[in-house]
Amino acid sequence: MSIRKSKAEVEQRRQAVLRHVSKGGEVRIDDLAARLGVSLMTMHRDLDDLHERKLLHKRRAVAMALSTVDIESSLQFRENMHREAKTAIGDELRNHVSPGSTVLLDCGSTLFPLARLLGQSEHNHVITNSLRVAYLLADSTAQVTLLGDRFYPEFESCAGLEVLRQLDRFHIDVAFLTATCVHEGRLSHPVREYADNKAAFVAAADRAVLAVDNSKFGRSATYAYGDLTGYDTLITDDAAPPGETALAQALGVQVHAVAQTWEDG
C-alpha cells in the first residue's frame, strides 16, 4: 500500500522537478519520472501544477524551462520560487518592526510574507511602491501610503523620480528591501529606476534591513547601486553562500541566516 505524501513533501518534490528542468532546459517527462522515482501519472500532475503556476512550460512528452527574460519579468515565477525560505525570512523580519512605527516595504516577493504578518499587527504606517503589498494590507488596521510614478506590470509596482520626491514627506523608522542580485557585497538590478529607488529607500530610513534568499547571491545585473554598507541587517536563509555572509559581516552588517521551513499548503 502506498503512503500518501503530505502537501509539504509534494511541494518539495515539485521544486526538485523545477530545478531539474531549469538546469536541463528541456527534459523528457518520462526521464523526470524515473529520476524522481515516481509514476508517469504523478509526474504529469506535478508538471500540470507547475505549468498552471507559470513556473515552466509543459509540452507533449517534454517539460521546458522558462527563458531568462520570462523569469526576470515574472513576479509569479519569483513569488513561487524558494517559498519555504521566504516564509522563514518573513518570520524573522517581523521581529524588526515595533508597534506604531513607520515602515517602508520594497516591492520584492520576499517581503510578501512580512506584509501579511504586518496586517495582523497594531496600527503601523506602511509606505510602499508595491501594489501587491498595498492589497495584502487592504483589510488590516495599518495605514498604507502607496508611492506612485511609472507603473511596471512585471513588478506590480512603481519606480521613478516621483517616488524619490515623495520620500521627503515621511520620517521612516525602518526600511525593508530586497535585492535581485548580490555579488561580493555589491548590489545591482536590471532596471535603472529600481536601482535608483532602492538606494534612495536606504538613505531615507533610520534603519535598513535587506531580505534576500540564497538564490540572489552570486548574480549581477546591469545597474549597480552600491554595496551592503548602507544596511544595518541582512536576513537570509541557511543555504546562503558562507563567503557572501562573511563579507557582509566584514562590512559591518549584522547577519541572520534563518532555517527554512516548509509550508503545509
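Tutor: A salt bridge is a side-chain nitrogen of Lys or Arg within 4 Å of a carboxyl oxygen of Asp or Glu. The model is predicted, so local features need pLDDT of at least 70 and side-chain atom pairs count only at pLDDT 80 or more, while totals for chains, interfaces and linings use all residues. Residues are numbered from 1 along each chain as its sequence is written, and side-chain values use heavy atoms, with hydrogens and water left out.

Student: Which residue forms a salt bridge with Lys58?

Tutor: The closest N and O atoms of this pair are 2.7 Å apart. Helices (H or I, at least four residues) and strands (E, at least two) are DSSP runs, numbered from the N terminus. Lys58 lies in strand β2 (residues 57–59) and its partner in helix α3, so the pair ties together parts that are 10 residues apart in sequence. The partner of Lys58 is Asp48.

Student: How many residues apart in sequence are the parts tied together by Asp46 and Arg14?

Tutor: The side chains of Asp46 and Arg14 meet in a salt bridge, with N to O at 2.7 Å. Asp46 belongs to helix α3 (residues 40–52) and Arg14 to helix α1 (residues 7–24), so the parts tied together are 32 residues apart in sequence.

Student: Is Asp46 buried or exposed?

Tutor: Buried means under 20% relative accessible area, exposed over 50%, and partly exposed in between (1.4 Å probe, protein chains only). Arg14, at 15% relative accessibility, counts as buried. Asp46 has a relative accessible area of 0%, and is therefore buried.

Student: Where does Glu156 lie, given its salt bridge with Arg132?

Tutor: The closest N and O atoms of Glu156 and Arg132 are 3.0 Å apart. Arg132 lies in helix α8 (residues 131–136), and the pair ties together parts that are 24 residues apart in sequence. Glu156 lies in the loop between β7 (150–152) and β8 (157–159).

Student: Which residues touch the most other members of the largest nonpolar core?

Tutor: A nonpolar core is a set of buried Ala, Val, Leu, Ile, Met, Phe, Trp, Tyr and Cys residues joined through side-chain atoms within 4.5 Å. The largest has 28 residues, and β9 (172–177), α10 (192–204) and β12 (205–211) each supply at least two residues of this core. The residues that touch the most other members are Leu187, Leu210, Tyr231 and Leu234.
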